[in-house]
Amino acid sequence: MSPKLRLFLDHALHEGQAVPLGEAEANYLFAVMRAQKGTPVALFNGRDGEWEAVVDETGRRSGSLRVGTRLRVQAQPPDLWLLFAPLKKTRTDFVIEKAVEMGVARILPVLTGHTNSERVNVARLQAHAREAAEQCGALHVPEVAAPVPLMPLLDGWDDRPLWFCDEHLAGTRIHPPQAARGAVLIGPEGGFTDAERARLRTMPQAVPVALGPRILRAETAAVAALTLWQITCGDWR
Ligand code: SAH
C-alpha cells in the first residue's frame, strides 16, 4: 500500500538517498502530520518518478528522509497550458487547484480588459499548485507564471493551438480538432472585450470553443474546457 503522506521535494531521488528537510516540510511532517522516525512518506520531484521513503531524523525545524524503492516511473503530463484572468482570491485558488487535478502542465494568469483582480501572489499560487499535486497523485507540479497582459502575449504567440473559449458561442456546437499540444484561454467574469475577441478571431492558431448552451462562471468554464481538451487531445483518451 502507498504511504498516506505525499510530498513534492526538489531533490534528487534514488534508492538509499538521504533527503534533508527544510523548515516548512519538517513542520508539516512532524508538527502537523505527527510523522515519526520510520513513518513512510511518498516523494516526487517532477523528474524521477515517485518513491517510498521513511522518516530517518526528526526535528523541530529540520529532519531527513531515507529513500527506498520506486513506486511509479516518471510520466510527463500532456503539453497543455491554462490561460485565465485572475478572479477573487478563493476563486483563483479554486482554478489553480482544479487545473492541477486536470493535469495542466503550465498555468499563465493573463490580464484582460475586464479582469477583476490584477494583484496576484504568484508564490502563494505556486505553493497552492504544489499542495494540489501532492494531494491528487500527480507526478509534476505545473509552473504558475507571473501575470502578463493578454494582448502582447497574443502578439508573440507561436503555433500552439489556443482554445479560445468564447461566451458568445454559447449554444453553438463546435468540436475542436485533436492536437498534440494546446492552451485553453478562459476570460474573466466580465467576458472578453470586443477588441480582444476581434484580435483572437484573426489568429490562425486560435480554435473557437463553445462550452454548451449556458454561460458558465469562469472557474466552471476552466474545468469544463480542460475536461474537453483531455478527452479530445490528452490523457483521458
Ligand atoms: N459576462 C460574460 C460571461 C463571462 S463567463 C457574459 O455574460 O457574456 C467567463 C468566461 O468563461 C468567458 O470569458 C469564457 O471564456 C468562458 N465561458 C463561459 N461560458 C462559456 C460558454 N458557454 N462557451 C464558451 N466559453 C464560455
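Begin by selecting arginine 66, which counts as partly exposed because its relative accessibility is 36%. Please bear in mind throughout that the model is predicted.

**Stop 1: the partners of aspartate 56**

Lysine 37 sits in the loop between α1 (23-32) and β3 (40-44), whereas aspartate 56 is in strand β4 (residues 50-58), so the bridge joins parts 19 residues apart in sequence. Lysine 37 itself is exposed, at 62% relative accessibility.

**Stop 2: two helices joined**

Select arginine 124 and aspartate 93. Their salt bridge brings the closest N and O atoms to 3.0 Å. Arginine 124 is in helix α3 (residues 122-136) and aspartate 93 in helix α2 (residues 89-101), so the pair ties together parts that are 31 residues apart in sequence. Which of the categories, buried or exposed, applies to aspartate 93? At 12% relative accessibility, aspartate 93 counts as buried. Arginine 124, by contrast, is partly exposed, at 32%.

A further selection shows a network: Asp166, Glu167, Arg197 and Arg201 are joined by salt bridges that share partners. Over the whole structure, the search finds 21 salt bridges.

**Stop 3**

Arginine 197 is buried, with a relative accessibility of 4%. Beyond its neighbours within four places in sequence, arginine 197 is in contact with Phe164, Asp166, Glu167, His168 and Phe192.

Next, select the buried residues of α5, namely Glu196, Arg197 and Leu200. They lie on the same side of the helix, because they cover an arc of only 95° around its axis. Turn to the other side of α5 to find Asp194 and Thr202, which are exposed. What do the buried residues of α5 pack against? Their packing partners are α4 (150-155), β10 (162-165), β11 (181-186) and β12 (206-209).

**Stop 4: between the domains**

Finally, colour the chain by domain. The domain assignment gives domain 1 (5-72) and domain 2 (79-232). Their centres, taken over C-alpha atoms, are separated by 33 Å. Ten residues from domain 1 and eight residues from domain 2 take part in the contact.

The size of an interface is often expressed as the accessible area lost when the parts come together. Here domain 1 and domain 2 bury about 730 Å² between them, with 54% of it on carbon and sulfur atoms. On the side of domain 1, select Arg6, Phe8 and Phe44: these lose the most area to domain 2, together 62% of what that side buries.

For the polar part of this interface, the count is eight residue pairs in polar contact between domain 1 and domain 2. Strand β1 (residues 5-8) supplies the largest share of the side of domain 1 that touches domain 2, with three residues. One salt bridge is found across the interface.

Conventions:
Residues are numbered from 1 along each chain as its sequence is written. This is a predicted model: local features need pLDDT of at least 70, side-chain atom pairs count only at pLDDT 80 or more; totals for chains, interfaces and linings use all residues. Side-chain values use heavy atoms; hydrogens and water are left out. Buried means under 20% relative accessible area, exposed over 50%, partly exposed in between (1.4 Å probe, protein chains only). Contact means heavy atoms within 4.5 Å. Helices (H or I, at least four residues) and strands (E, at least two) are DSSP runs, numbered from the N terminus. The arc is that of the directions from the helix axis to the C-beta atoms. Domain bounds come from an automatic or database domain assignment. Buried area is the accessible area (1.4 Å probe) that two parts lose on being put together, summed over both. A salt bridge is a side-chain nitrogen of Lys or Arg within 4 Å of a carboxyl oxygen of Asp or Glu. A polar contact is a pair of N or O atoms within 3.5 Å; within protein, one must be able to donate a hydrogen and the other to accept it, and residues adjacent in sequence count only if both atoms are side-chain atoms.
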